[in-house]
Amino acid sequence: MYERRYGLIRTLAPLHVGASAGEESGNLNLIFRDAYTQTGIIPGSSIRGRFRAEMRREGGSNQLETARWYGSEAGNTEISESRVKFEYASLVWLPVFCPGQPVVWVSCPRLLRRYAAIADPGFINDVPNAYSCSKDLKGRRGNQEVTLFFNLGFMEVKPTPGLEDWIPPAMEKEIPADRLVVVDDAAIGLIHDMALYRQSRVKLADDMKKVDGGAFFNVEALPEGSVLIFPMALKPDDATEWRPFGSRTSHELYFGGLESIGFGRCEVSLVTPDAREVQ
(Lines give C-alpha, C1' and ligand atoms only; values in the text may rest on other atoms or scores of the structure.)
Protein backbone atom coordinates (compact mmCIF):
# COMPACT_ATOMS: atom_id res chain seq x y z
CA MET A 1 0.00 0.00 0.00
CA TYR A 2 1.35 3.41 -0.98
CA GLU A 3 0.75 6.78 0.62
CA ARG A 4 -1.05 9.18 -1.69
CA ARG A 5 -0.02 12.71 -2.54
CA TYR A 6 -0.81 14.96 -5.42
CA GLY A 7 0.70 17.99 -7.04
CA LEU A 8 -0.84 21.07 -8.63
CA ILE A 9 0.93 22.93 -11.42
CA ARG A 10 0.07 26.51 -12.35
CA THR A 11 1.85 27.75 -15.45
CA LEU A 12 3.51 31.15 -14.95
CA ALA A 13 4.70 31.22 -18.58
CA PRO A 14 3.81 29.26 -21.74
CA LEU A 15 4.59 25.57 -21.23
CA HIS A 16 5.84 23.33 -24.04
CA VAL A 17 6.32 19.64 -23.27
CA GLY A 18 6.37 17.64 -26.48
CA ALA A 19 8.25 17.35 -29.74
CA SER A 20 11.52 19.25 -30.02
CA ALA A 21 12.73 21.24 -33.02
CA GLY A 22 13.42 19.09 -36.03
CA GLU A 23 11.37 16.07 -34.92
CA GLU A 24 8.36 17.10 -36.97
CA SER A 25 8.82 17.22 -40.73
CA GLY A 26 5.97 19.72 -40.91
CA ASN A 27 7.87 22.16 -38.67
CA LEU A 28 5.14 22.12 -36.04
CA ASN A 29 6.37 21.16 -32.58
CA LEU A 30 3.28 19.74 -30.91
CA ILE A 31 2.72 19.35 -27.19
CA PHE A 32 1.84 15.96 -25.68
CA ARG A 33 -1.91 15.38 -25.53
CA ASP A 34 -4.34 13.19 -23.62
CA ALA A 35 -5.72 10.46 -25.92
CA TYR A 36 -9.40 11.04 -25.01
CA THR A 37 -9.81 14.79 -24.63
CA GLN A 38 -6.92 15.89 -26.87
CA THR A 39 -5.84 18.34 -24.18
CA GLY A 40 -2.27 18.99 -23.12
CA ILE A 41 -0.51 16.82 -20.55
CA ILE A 42 2.88 16.59 -18.87
CA PRO A 43 4.14 12.96 -18.88
CA GLY A 44 5.02 11.46 -15.49
CA SER A 45 8.57 10.86 -16.70
CA SER A 46 9.02 14.60 -17.30
CA ILE A 47 7.75 15.42 -13.81
CA ARG A 48 9.94 12.75 -12.23
CA GLY A 49 12.98 13.97 -14.15
CA ARG A 50 12.39 17.55 -13.01
CA PHE A 51 12.07 16.54 -9.35
CA ARG A 52 15.14 14.31 -9.62
CA ALA A 53 17.21 17.06 -11.23
CA GLU A 54 16.15 19.51 -8.54
CA MET A 55 17.46 17.23 -5.77
CA ARG A 56 20.57 16.25 -7.74
CA ARG A 57 21.42 19.91 -8.32
CA GLU A 58 22.22 20.35 -4.63
CA GLY A 59 25.13 17.90 -4.94
CA GLY A 60 27.09 16.44 -1.99
CA SER A 61 25.20 13.95 0.17
CA ASN A 62 22.07 14.65 -1.90
CA GLN A 63 23.47 12.39 -4.61
CA LEU A 64 22.78 9.40 -2.36
CA GLU A 65 19.37 10.80 -1.42
CA THR A 66 18.56 11.26 -5.10
CA ALA A 67 19.27 7.60 -5.84
CA ARG A 68 17.34 6.55 -2.74
CA TRP A 69 14.16 8.42 -3.71
CA TYR A 70 14.25 8.26 -7.51
CA GLY A 71 16.25 5.09 -8.18
CA SER A 72 19.72 4.61 -9.60
CA GLU A 73 20.70 6.34 -12.81
CA ALA A 74 20.75 4.63 -16.19
CA GLY A 75 23.95 2.64 -16.67
CA ASN A 76 24.44 2.00 -12.97
CA THR A 77 25.07 -1.68 -12.28
CA GLU A 78 23.17 -1.51 -8.97
CA ILE A 79 19.55 -1.15 -10.00
CA SER A 80 17.18 0.29 -7.39
CA GLU A 81 13.50 1.12 -7.49
CA SER A 82 12.17 4.65 -7.13
CA ARG A 83 10.34 5.27 -3.84
CA VAL A 84 8.17 7.97 -5.44
CA LYS A 85 5.79 7.24 -8.32
CA PHE A 86 4.59 10.02 -10.63
CA GLU A 87 1.65 9.88 -13.01
CA TYR A 88 0.95 12.29 -15.86
CA ALA A 89 -0.45 15.76 -15.19
CA SER A 90 -3.77 16.61 -16.83
CA LEU A 91 -5.55 19.92 -17.12
CA VAL A 92 -8.08 21.04 -14.54
CA TRP A 93 -8.76 24.55 -15.84
CA LEU A 94 -7.57 26.15 -19.07
CA PRO A 95 -7.71 29.94 -19.63
CA VAL A 96 -9.36 30.86 -22.91
CA PHE A 97 -9.76 34.32 -24.40
CA CYS A 98 -13.40 35.28 -24.65
CA PRO A 99 -14.50 38.77 -25.79
CA GLY A 100 -16.35 40.53 -22.98
CA GLN A 101 -14.74 38.67 -20.05
CA PRO A 102 -11.92 38.75 -21.39
CA VAL A 103 -10.68 35.34 -20.13
CA VAL A 104 -12.71 32.36 -18.89
CA TRP A 105 -11.35 29.15 -17.35
CA VAL A 106 -12.69 26.11 -19.20
CA SER A 107 -12.82 22.43 -18.24
CA CYS A 108 -14.94 19.36 -19.06
CA PRO A 109 -16.54 16.53 -17.02
CA ARG A 110 -13.80 14.03 -17.87
CA LEU A 111 -10.99 16.32 -16.67
CA LEU A 112 -12.94 17.28 -13.54
CA ARG A 113 -13.67 13.62 -12.82
CA ARG A 114 -9.94 12.87 -12.86
CA TYR A 115 -9.31 15.88 -10.64
CA ALA A 116 -11.88 14.60 -8.13
CA ALA A 117 -10.46 11.07 -8.21
CA ILE A 118 -7.03 12.45 -7.32
CA ALA A 119 -7.88 15.31 -4.93
CA ASP A 120 -11.13 14.29 -3.28
CA PRO A 121 -12.99 11.12 -4.35
CA GLY A 122 -16.01 12.29 -2.34
CA PHE A 123 -16.67 14.82 -5.12
CA ILE A 124 -16.66 12.33 -7.98
CA ASN A 125 -20.45 11.90 -8.02
CA ASP A 126 -21.00 15.66 -8.15
CA VAL A 127 -19.15 16.46 -11.38
CA PRO A 128 -20.88 19.45 -13.08
CA ASN A 129 -22.85 18.87 -16.26
CA ALA A 130 -21.52 19.96 -19.62
CA TYR A 131 -22.35 23.50 -20.70
CA SER A 132 -22.64 24.90 -17.19
CA CYS A 133 -21.00 28.10 -15.97
CA SER A 134 -20.48 30.26 -12.91
CA LYS A 135 -23.73 31.83 -11.77
CA ASP A 136 -22.25 35.34 -12.15
CA LEU A 137 -20.64 34.84 -15.56
CA LYS A 138 -21.03 37.84 -17.86
CA GLY A 139 -22.81 37.33 -21.14
CA ARG A 140 -26.10 37.82 -22.92
CA ARG A 141 -28.72 36.61 -20.46
CA GLY A 142 -31.65 34.50 -21.60
CA ASN A 143 -34.42 32.91 -19.55
CA GLN A 144 -32.20 30.22 -18.06
CA GLU A 145 -28.98 30.36 -20.02
CA VAL A 146 -26.11 32.71 -20.80
CA THR A 147 -24.88 33.14 -24.34
CA LEU A 148 -21.10 33.29 -24.45
CA PHE A 149 -19.17 34.41 -27.49
CA PHE A 150 -15.98 32.56 -28.34
CA ASN A 151 -13.79 33.23 -31.35
CA LEU A 152 -15.37 30.24 -33.09
CA GLY A 153 -18.99 31.15 -32.42
CA PHE A 154 -21.67 31.35 -29.76
CA MET A 155 -22.18 28.93 -26.88
CA GLU A 156 -25.14 28.70 -24.51
CA VAL A 157 -24.21 27.75 -20.94
CA LYS A 158 -26.38 27.37 -17.86
CA PRO A 159 -25.48 29.21 -14.63
CA THR A 160 -24.87 26.62 -11.94
CA PRO A 161 -24.10 27.24 -8.26
CA GLY A 162 -21.14 25.50 -6.70
CA LEU A 163 -18.70 25.52 -9.62
CA GLU A 164 -16.27 27.52 -7.46
CA ASP A 165 -15.88 24.38 -5.31
CA TRP A 166 -13.94 22.90 -8.23
CA ILE A 167 -11.15 25.44 -7.96
CA PRO A 168 -8.23 23.74 -6.17
CA PRO A 169 -7.81 25.40 -2.75
CA ALA A 170 -4.25 26.43 -3.54
CA MET A 171 -5.47 28.32 -6.65
CA GLU A 172 -8.46 30.23 -5.25
CA LYS A 173 -6.71 33.60 -5.56
CA GLU A 174 -5.58 32.98 -9.14
CA ILE A 175 -8.81 31.73 -10.76
CA PRO A 176 -11.84 34.07 -10.68
CA ALA A 177 -14.82 32.14 -9.36
CA ASP A 178 -17.20 34.04 -11.66
CA ARG A 179 -15.46 32.98 -14.91
CA LEU A 180 -15.73 29.19 -14.92
CA VAL A 181 -17.18 27.27 -17.87
CA VAL A 182 -17.63 23.49 -18.24
CA VAL A 183 -18.06 22.20 -21.79
CA ASP A 184 -18.70 18.75 -23.23
CA ASP A 185 -15.89 16.18 -23.43
CA ALA A 186 -16.25 16.20 -27.21
CA ALA A 187 -15.84 19.99 -27.41
CA ILE A 188 -12.91 20.56 -25.07
CA GLY A 189 -10.34 19.55 -27.71
CA LEU A 190 -11.52 22.24 -30.13
CA ILE A 191 -11.58 24.96 -27.46
CA HIS A 192 -8.21 23.78 -26.15
CA ASP A 193 -6.65 24.24 -29.60
CA MET A 194 -8.14 27.72 -29.78
CA ALA A 195 -6.48 28.64 -26.46
CA LEU A 196 -2.96 27.33 -27.13
CA TYR A 197 -0.03 29.72 -27.23
CA ARG A 198 1.59 29.50 -30.68
CA GLN A 199 4.76 31.07 -31.95
CA SER A 200 6.78 30.87 -35.16
CA ARG A 201 10.50 30.67 -34.61
CA VAL A 202 13.49 30.92 -36.94
CA LYS A 203 17.26 30.63 -36.72
CA LEU A 204 19.05 33.30 -38.73
CA ALA A 205 22.31 32.77 -40.56
CA ASP A 206 25.38 34.06 -38.74
CA ASP A 207 26.33 36.59 -41.40
CA MET A 208 23.00 37.88 -42.77
CA LYS A 209 19.34 38.24 -41.86
CA LYS A 210 17.93 35.19 -43.60
CA VAL A 211 16.81 31.75 -42.46
CA ASP A 212 19.73 29.44 -41.82
CA GLY A 213 18.85 26.48 -44.06
CA GLY A 214 15.51 25.01 -43.01
CA ALA A 215 15.64 26.34 -39.46
CA PHE A 216 12.06 27.58 -39.41
CA PHE A 217 9.48 26.01 -37.15
CA ASN A 218 6.31 26.68 -35.18
CA VAL A 219 5.86 25.79 -31.54
CA GLU A 220 2.72 25.45 -29.44
CA ALA A 221 2.38 25.63 -25.66
CA LEU A 222 -0.18 25.65 -22.87
CA PRO A 223 -0.96 29.27 -22.02
CA GLU A 224 0.01 31.08 -18.85
CA GLY A 225 -2.54 30.50 -16.08
CA SER A 226 -3.29 26.84 -16.91
CA VAL A 227 -3.85 24.55 -13.91
CA LEU A 228 -2.86 20.87 -14.00
CA ILE A 229 -2.95 18.06 -11.45
CA PHE A 230 -0.84 14.91 -11.09
CA PRO A 231 -1.03 12.06 -8.55
CA MET A 232 1.96 10.64 -6.69
CA ALA A 233 2.46 7.55 -4.57
CA LEU A 234 5.18 7.04 -1.96
CA LYS A 235 6.36 3.92 -0.22
CA PRO A 236 4.87 4.34 3.23
CA ASP A 237 7.69 3.39 5.59
CA ASP A 238 9.44 6.77 5.39
CA ALA A 239 7.11 8.83 3.20
CA THR A 240 7.10 11.76 5.63
CA GLU A 241 10.82 12.24 4.99
CA TRP A 242 10.22 13.10 1.32
CA ARG A 243 10.41 16.88 1.27
CA PRO A 244 11.57 17.95 -2.19
CA PHE A 245 10.95 21.63 -1.38
CA GLY A 246 12.35 21.56 2.17
CA SER A 247 9.92 23.10 4.66
CA ARG A 248 7.81 24.65 1.89
CA THR A 249 4.87 23.05 0.11
CA SER A 250 5.26 25.00 -3.14
CA HIS A 251 8.15 25.92 -5.36
CA GLU A 252 8.88 27.33 -8.81
CA LEU A 253 10.15 24.74 -11.30
CA TYR A 254 10.81 24.73 -15.04
CA PHE A 255 9.24 22.00 -17.17
CA GLY A 256 9.71 21.13 -20.81
CA GLY A 257 11.88 22.84 -23.37
CA LEU A 258 12.61 26.38 -24.56
CA GLU A 259 13.48 27.56 -21.04
CA SER A 260 16.05 30.02 -22.35
CA ILE A 261 13.43 31.99 -24.28
CA GLY A 262 10.86 32.25 -21.52
CA PHE A 263 8.95 28.97 -21.59
CA GLY A 264 8.28 26.45 -18.84
CA ARG A 265 8.16 28.44 -15.57
CA CYS A 266 5.57 26.90 -13.26
CA GLU A 267 4.50 26.98 -9.64
CA VAL A 268 4.20 23.49 -8.17
CA SER A 269 2.23 22.85 -4.96
CA LEU A 270 2.30 19.52 -3.11
CA VAL A 271 -0.82 18.40 -1.25
CA THR A 272 -1.79 15.44 0.96
CA PRO A 273 -5.40 14.54 0.07
CA ASP A 274 -8.12 13.94 2.61
CA ALA A 275 -9.09 10.31 3.13
CA ARG A 276 -12.70 10.65 1.94
CA GLU A 277 -14.36 7.63 0.41
CA VAL A 278 -16.77 7.54 -2.52
CA GLN A 279 -20.34 6.83 -1.39
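Reply: What follows is a short chat about this predicted model.

Me: Which residues touch the most other members in the largest nonpolar core?

Reply: F51 and W242 do, in a core of 48 residues.

Me: Is F51 buried or exposed?

Reply: F51 is buried, because its relative accessible area is 2% and the cut-off for buried is under 20%.

Me: And what is F51 in contact with, leaving aside its neighbours within four places in sequence?

Reply: The contacts of F51 include Y70, F86, W242, P244 and L270. There is also a second, separate core of 20 residues, with L112 and W166 among them.

Me: On to rings. How many aromatic pairs are there in the whole structure?

Reply: A search finds eleven. One of them is F51 with F86, a tilted pair at 5.2 Å centre to centre, with 40 degrees between the planes. F51 is in helix α1 and F86 is in strand β4, 35 residues apart.

Me: Which cluster do ring pairs link F51 into?

Reply: The cluster consists of F51, Y70, F86, F230, W242 and F245.

Me: What about Y115 and W166?

Reply: They form a tilted pair too, 6.2 Å centre to centre. Y115 lies in helix α3 and W166 in the loop between β10 and β11, so the pair ties together parts 51 residues apart in sequence. Both residues are buried.

Me: New topic: where is N125, and is N125 buried or exposed?

Reply: N125 is in the loop between α3 and β7. N125 is exposed, because its relative accessible area is 54% and exposed means over 50%.

Me: Last one: which ring does R114 lie over?

Reply: R114 lies over the face of Y88, 3.8 Å from the ring centre.

Key: Residues are numbered from 1 along each chain as its sequence is written. This is a predicted model: local features need pLDDT of at least 70, side-chain atom pairs count only at pLDDT 80 or more; totals for chains, interfaces and linings use all residues. Side-chain values use heavy atoms; hydrogens and water are left out. A nonpolar core is a set of buried Ala, Val, Leu, Ile, Met, Phe, Trp, Tyr and Cys residues joined through side-chain atoms within 4.5 Å. Buried means under 20% relative accessible area, exposed over 50%, partly exposed in between (1.4 Å probe, protein chains only). Contact means heavy atoms within 4.5 Å. Helices (H or I, at least four residues) and strands (E, at least two) are DSSP runs, numbered from the N terminus. Rings of Phe, Tyr and Trp (its six-membered ring) pair if their centres lie within 6.5 Å; planes under 30 degrees apart count as stacked, over 60 as edge-to-face and the rest as tilted. A charge sits over a ring if NZ of Lys or CZ of Arg is within 6 Å of the ring centre and within 35 degrees of the ring normal.
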